Amino acid sequence: MSKLLNEYDYDSIHAQAGELMKHRKHLKQSAVDKYMDYFNTKCAKSKAETLLAKEVIPGGIQHNLANNHPFALAIEKADGPYLYDIDGNRYIDFLCAGGPIILGNNYPAVRDAAVKQIVENSSLTGLYSPYERELAELIHKYMPSIEMYRSLGSGTEADIIAIRLARAYTGKKHIIRIMGGYHGWSDQLVYNSSSAKNDMLNGIPVDCFQNTHSVPVNDVEALEATIEKYEKEGGVAAFVMEAVGQDSGAVPTTKEYHRAARELCDKHGMLLIYDEVVTGFRLGMGGAQAIFGTHPDLTVFGKIIGGGFGSSGGIGGRKDIMSLLAAGVSAEAENKVKVGGTLSANPLTTLGGITVIKELAAKNVHAQLDKASEYFMKGIEEISEKYNVPALIFHHSSILHIDVHGLQHIPYFYKPEDPEYNVQLMDAYKNYIEFSMALAAEGLIIANGGKTYLPYGSIGILDDALDVYDRVFSQFE
Ligand SMILES: Cc1ncc(COP(=O)(O)O)c(C=O)c1O
């Protein structure tokens, strides 16, 4: 019923999402009660901590990617494949801090390089350090489309600059993106124009994002029609896409779509921007673009590129476009694109990125992760069949899609004005929250949504992780 699917076979994934919508199952109420009891009794210190945090931090939590139902777990230690909360409970870490921690927590080579840097040198000077060049060279070595690279403070910042550069370079106004794709939380990209019902949406005047338009994934005709529509109204500067598709590929893109997008961008004189914040150095040394065989004009980075340290983001691509970002007093080019960041390109983060990239290459980590992910996902397929729980199961290398709700697929089956749209949304959401909560109570933490990440450090404990999923799947109705 729930076969392990090929990640680039969108038709089969779409069909299985439809099945999931018709036959979605939930955890038994007795299991939900049991897991609530776990949180209330075994995580009492986290619960108390959450109440204190709520007094001084809005909602008591500052991360969107981790489960916080019924409350956030307070983590005090992370080591190898495990996380430890302040009550002393241990969890397998499939969150990987939302993607960056590909090698595992406190990975010795990365930790030692950082400690040495702090003790012997400095974590921040505001001046140039050769690590900046070394990181740019390394990225270019593995991703040839990155002729030049500039470090920035986050993926969000890099996405902001990507569309600014595209507009500066092409002189055109509009941006097209894939429906549901995430490109950070800036005014222009957090929503698209179809989200607006009033003049202002959650603090953002709609004017800010009226030039950002979204298209359904893998629909070449819709993309071309949207380009043609806005070509007459100021032109389209770029098509920006999460390279593997929405939510780390939960709704995946096809290879044909990438090829068509490249051709359309060339035909219409617009830039192709890949958001590889998640996929860069996760899917392989060449990122998603090596897999699709398409050269984007610009690529946006975050997460792994900073080795797990703060201020992690960057943009790279064609030299003629990137040159517009020249910084410093000698760079007063007329068409210079403004960009800055006090902590961007700091030595700790750039060294962290360099160390992780070198380690990934030296240990051939991606090949091992691919094998481990295949083994793990076959195990999940068996578990889902054993307990007859419908699921969407596929993986992009170590990005695992173990989706028992189909939340991200709902807009591909129902229009927002259809009453069933909200019914599906609520039902999927309940399932999604309870699933994350159940896994945590059984000892494993995942990333929210339809995806999670497998770290290199967990390869030795995959059967333990499968046992956790087995226990949770056994509790479905
Ligand atoms: C595809 C994608 N783009 C951009 C971002 C934003 O990156 P950051 O959280 O570093 O601002 C994220 C974050 O999860 C992301 O997944």
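Trainee: Which helix gives the largest share of the shell around the ligand?

Mentor: Helix 6 (residues 155-170), with three residues. Helices here are DSSP runs of H or I with at least four residues, strands are runs of E with at least two, and both are numbered from the N terminus. This is a predicted model, where local features need pLDDT of at least 70 and side-chain atom pairs count only at pLDDT 80 or more, while totals for chains, interfaces and linings use all residues. Residue numbers start from 1 along each chain as its sequence is written.

Trainee: What makes a residue part of that shell, and how many residues surround the ligand?

Mentor: A residue is near the molecule if its C-beta atom, placed from the backbone, lies within 6 Å of it. The ligand has 14 residues around it, and the closest are Ser 154, Gly 155, Thr 156, Gly 184 and Val 277. By class, eight are polar, three nonpolar and three charged. Ala, Val, Leu, Ile, Met, Phe, Trp, Tyr, Cys and Pro count as nonpolar, Asp, Glu, Lys and Arg as charged, and the others as polar, so Gly lands among the polar ones.

Trainee: On to helix 1 (residues 10-23): how do you know what span to expect?

Mentor: Take 1.5 Å times one less than the number of residues. Helix 1 has 14 residues, which gives an expected 20 Å, and its first and last C-alpha atoms are 20 Å apart. Helix 5 (residues 130-142), with 13 residues, reaches 19 Å, close to the expected 18 Å.

Trainee: Why can you say that the buried residues of helix 1 line one face?

Mentor: A residue is buried if 20 or more other C-beta atoms lie within 10 Å of its own, exposed if 12 or fewer, and partly exposed in between, with C-beta atoms placed from the backbone. In helix 1 the buried ones are Tyr 10, Ile 13, Gln 16, Ala 17, Leu 20 and Met 21. Seen down the axis they fall within an arc of 150°, so they line one face of helix 1. That arc is taken over the directions from the helix axis to the C-beta atoms. On the other side, Asp 11, Ala 15, Lys 22 and His 23 are exposed.

Trainee: What do the buried residues of helix 1 pack against?

Mentor: Strand 10 (251-252), strand 14 (392-396) and helix 14 (419-442). Contact means that two C-beta atoms, placed from the backbone, lie within 7 Å.

Trainee: And what puts the buried residues of helix 5 where they are around its axis?

Mentor: Those are Tyr 131, Leu 135, Ala 136 and Ile 139. They cover an arc of only 135°, which puts them on the same side of helix 5. Pro 130, Arg 133, Glu 137 and Lys 141 are exposed on the other side. The cover over the buried residues includes strand 4 (148-152), strand 13 and helix 12 (347-362).

Trainee: What makes strand 14 and strand 17 (452-453) edge strands?

Mentor: Two strands pair if DSSP finds at least two bridges between them. The open sheet has three strands in the order 14-15-17, with antiparallel pairing. Strand 14 and strand 17 each pair on one side only, hence the name. Five bridges join strand 14 to strand 15 (residues 399-403), and strand 15 pairs with strand 17 over two bridges.

Trainee: Why is strand 15 called mostly covered?

Mentor: Five of its five residues are buried. Ile 399, His 401 and Asp 403 are on one side, and Leu 400 and Ile 402 on the other.
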